[in-house]
Amino acid sequence: MTQAVAGFSGQGFSLRGEKDRFVLPPEMRNPIAEASDERVLCVGKHDSWPCLVGFGSDRIARFDEILAQQQEEARQNGDKFDRAIRSGRLWSFKRHSFDASGRFVLNPSSVKLGKIEDKLYFHGVGDVITIWNPDILMGLGDDFDFFKIYCEQEMAEAAAKGRGK
């Protein structure tokens, strides 16, 4: 039975593995699979940050609500809001199937949009998972320090595991 995801939290790191696959962290993959009744990670471009966003297909049903909320916030702030452009951005995502272990291949358009190379950093931020190229993340300003600190920790832990093999 489909249930609403309470929110994504936590962090994870993945190197591109054999067959070009990355691995979605368990604390993120399980809620997506449970809420969506399928193992599909939807991936799109973040509106303002240089990263991708991931979510389960259950979020699609909320797109009209999300658009209405954003339009109201823009109105209250006196900002311009182009609903057609925003809708186009919201609906421009790719579906990525993942196996029970979280392995998935990132679509070429997602790779290009996220400037992804050989590693991914995942960071849950509530209703979506941000998906970063760690090299791009590390080049951002002080506003992103908390992301960078967690990313460094995840990369160090992955490197330590790799040395232990």
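Let's start with Ser 14: its bridge partner in strand S7 is Leu 120. Strands here are DSSP E runs of at least two residues, and helices are H or I runs of at least four, numbered from the N terminus. A quick word on the source: this is a predicted model, where local features need pLDDT of at least 70 and side-chain atom pairs count only at pLDDT 80 or more, while totals for chains, interfaces and linings use all residues. Residues are numbered from 1 along each chain as its sequence is written, and side-chain values use heavy atoms, with hydrogens and water left out.

Back to the strands. S1 and S7, residues 119-124, run antiparallel and are joined by five bridges. Two strands pair if DSSP finds at least two bridges between them. The open sheet has six strands in the order S1-S7-S8-S4-S3-S5, with antiparallel pairing. Its edge strands are S1 (11-15) and S5 (93-97), each pairing on one side only. On average, neighbouring strands are turned by 25° against each other, direction ignored; axes are lines fitted to C-alpha atoms, for helices over the stretch in contact, with angles from 0 to 180 degrees between N-to-C directions.

What lies across S7? Helix H1, residues 26-36, does, at about 65° to that strand, and H1 also lies across S1, S3 (40-45), S4 (52-55) and S8 (129-132).

Finally, friends, Ser 9, in the segment before S1. Ser 9 counts as exposed because its relative accessibility is 52%, and exposed means over 50%, buried under 20%, partly exposed in between, with a 1.4 Å probe and protein chains only. Beyond neighbours within four places in sequence, Ser 9 contacts Glu 27, Met 28 and Gly 124, contact being heavy atoms within 4.5 Å.
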